[in-house]
Amino acid sequence: MKFSLKTLAAAVALVAVAGTASAAIDNGAGGNGGLFFNAWDGQTSYNYDMAMSIDAYEANLAAAGNQNLIWGSDFNSSFTSWLATANTTTLQWSILATDTVAQRRILTTVGAAVLPATNSNSDVLRTGAGNIQTYLNNVNPILTGNFAVTTSNTADSYTGKLIGDKINNKFNFDTSGSFANNSYDNGVVFQKTLAAASGITKGTNNAYDDGGVAVRSWVDAAGLHIAAVQAVPEPSEYAMLLAGLGLIGAVARRRSQKQA
C-alpha cells in the first residue's frame with residue numbers, strides 16, 4: 001500500500017487546488033515560491049498555476065512510494081483551449097519555481113540531453129531568479145483562475161520575452177520541453193539549481209529522483225505530469241511478451257518429452 005498512500009495524498013492535495021481560484025502565483029520573494037507551467041509558440045503564451053510550493057513538492061517527493069503527480073482536467077481545459085490557436089510546431093514548455101531568500105532555489109525542467117553538474121555563477125543565477133520574479137509580477141495581474149494567456153510576443157507577460165528556454169540566458173542549459181515529451185520514457189528531467197546568497201561560486205544542478213528512479217515531466221492527453229514511475233508496457237508489448245513465454249514453454253515441453 002506504500003505507493004497508493006502517496007498517490008492518494010497527492011490526489012487529495014490537487015483536488016483541493018482545482019477547487020480553489022488562484023489569486024496569484026507565488027513569486028518566491030518571501031521564499032518557497034510556487035510551481036508554474038509555461039508554454040509559448042513565438043507569438044502567444046500560456047501559464048498555469050500548479051498551486052504547489054517548492055517545500056510542498058519536496059515533501060511529496062520525500063513521502064513513501066514513487067512520486068506520481070498529475071494536473072488533469074483543470075489544466076487540460078484551459079491548455080487545450082489555448083492550443084487550438086497555437087503553433088504546435090514551434091511550441092516550447094517549461095515548469096519553473098523560485099525562492100529568492102538567502103540561498104536561491106530555482107526549480108526547472110531540463111530540455112538538454114545531459115544536465116550539467118554546475119550552472120552559471122551564483123550572481124548570474126540570482127539575476128535569473130529575479131527575472132522569474134519580475135515575470136510573475138507581469139503574469140499575475142492577468143490570471144483568470146489558475147491560468148493566463150498572452151496574445152502578443154511584445155508583452156512583458158509573454159514567456160519567450162523575459163524567460164524563454166534559458167531563463168533570459170542566465171542558465172547554461174535549455175529548460176524547455178516540446179510536444180515530443182509526451183510520456184515518462186521521453187519526459188524531461190525535473191531539477192533544482194542552488195545558488196549562493198552572495199559571491200560568484202558556480203550554482204549546482206540537482207536532478208530529482210525518488211528512491212533512485214528519475215523524476216520526469218511530460219504532457220499527454222491525461223494532463224501535466226511530474227512523476228517517478230516506470231513505463232507501463234503497451235498492449236502490443238504484452239502480446240509479444242506472452243508469445244515469447246508461450247514459445248519458451250513449448251520448447252521446454254519438447255525437451256521434456258525427448259528426455260522421457
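This is a predicted model: local features need pLDDT of at least 70, side-chain atom pairs count only at pLDDT 80 or more; totals for chains, interfaces and linings use all residues.
**Group meeting: a residue-by-residue look**

Residues are numbered from 1 along each chain as its sequence is written, and side-chain values use heavy atoms, with hydrogens and water left out.

Back to Thr 108. This residue is in strand β5, residues 104-110. Strands (E, at least two residues) and helices (H or I, at least four) are DSSP runs, numbered from the N terminus. Is Thr 108 buried or exposed? Thr 108 counts as buried because its relative accessible area is 0%; buried means under 20%, exposed means over 50%, and partly exposed is in between, with a 1.4 Å probe and protein chains only. Leaving out residues up to four places away in sequence, Thr 108 touches Ile 95, Leu 96, Phe 171, Phe 173, Thr 175, Val 189, Phe 190 and Gln 191, where contact means heavy atoms within 4.5 Å. Thr 108 and Phe 36 are 72 residues apart in sequence, and their C-alpha atoms are 9.8 Å apart in space.

Now the whole chain. It has 6 helices and 13 strands. Of its 260 residues, 43% are buried. Take the contacts between residues at least 6 apart in sequence: 74% of them join residues at least 24 apart. The accessible surface comes to about 12200 Å², and 57% of that belongs to carbon and sulfur atoms; the areas come from the Shrake-Rupley method with a 1.4 Å probe, and for residues only the protein chains shown count as cover.

Next, the interior. A nonpolar core is a set of buried Ala, Val, Leu, Ile, Met, Phe, Trp, Tyr and Cys residues joined through side-chain atoms within 4.5 Å. Which residues touch the most other members of the largest core? They are Leu 35, Phe 37, Tyr 57 and Ile 226, in a core of 35 residues. Apart from that core lies another, of 18 residues, with Ile 106, Ile 132, Ile 167 and Ala 195 among them. Beyond four places in sequence, the contacts of Ile 226 include Leu 35, Met 50, Tyr 57 and Phe 190.

Helix α3 comes next. Its buried residues include Phe 75, Asn 76, Ser 78, Phe 79, Trp 82 and Leu 83. The buried residues of α3 pack against β1, β2, β3, β7, β12 and β13.

That brings us to the rings. Rings of Phe, Tyr and Trp (its six-membered ring) pair if their centres lie within 6.5 Å; planes under 30 degrees apart count as stacked, over 60 as edge-to-face, and the rest as tilted. How many aromatic pairs are there by this rule? The count is 16. One of them joins Phe 79 and Trp 82, which are stacked, with 6.0 Å centre to centre and 25° between the planes. Both residues lie in α3, residues 73-83, and they are 3 residues apart, about one turn of the helix. Another pair, Phe 171 with Phe 173, is edge-to-face, at 5.4 Å centre to centre and 70° between the planes. Phe 171 and Phe 173 are both buried. One aromatic cluster is formed by Phe 37, Tyr 46, Tyr 48, Phe 75, Phe 79, Trp 82, Trp 93 and Phe 147.

Then there is Asn 27, in the loop between α1 and β1. Asn 27 is buried, since its relative accessible area is 16%. Its side chain reaches the backbone nitrogen of Ala 29 at 3.0 Å, and also makes a polar contact with the side chain of Asn 137, at 2.9 Å.

Last, two alanines. Ala 51, in strand β2, has a phi near 50°, a positive value in a residue other than glycine. Ala 51 counts as partly exposed because its relative accessibility is 37%. Ala 102 lies in the loop between β4 and β5, and its phi is also positive, at about 60°. Ala 102 is partly exposed, with a relative accessible area of 48%.

Technical notes
A polar contact is a pair of N or O atoms within 3.5 Å; within protein, one must be able to donate a hydrogen and the other to accept it, and residues adjacent in sequence count only if both atoms are side-chain atoms.
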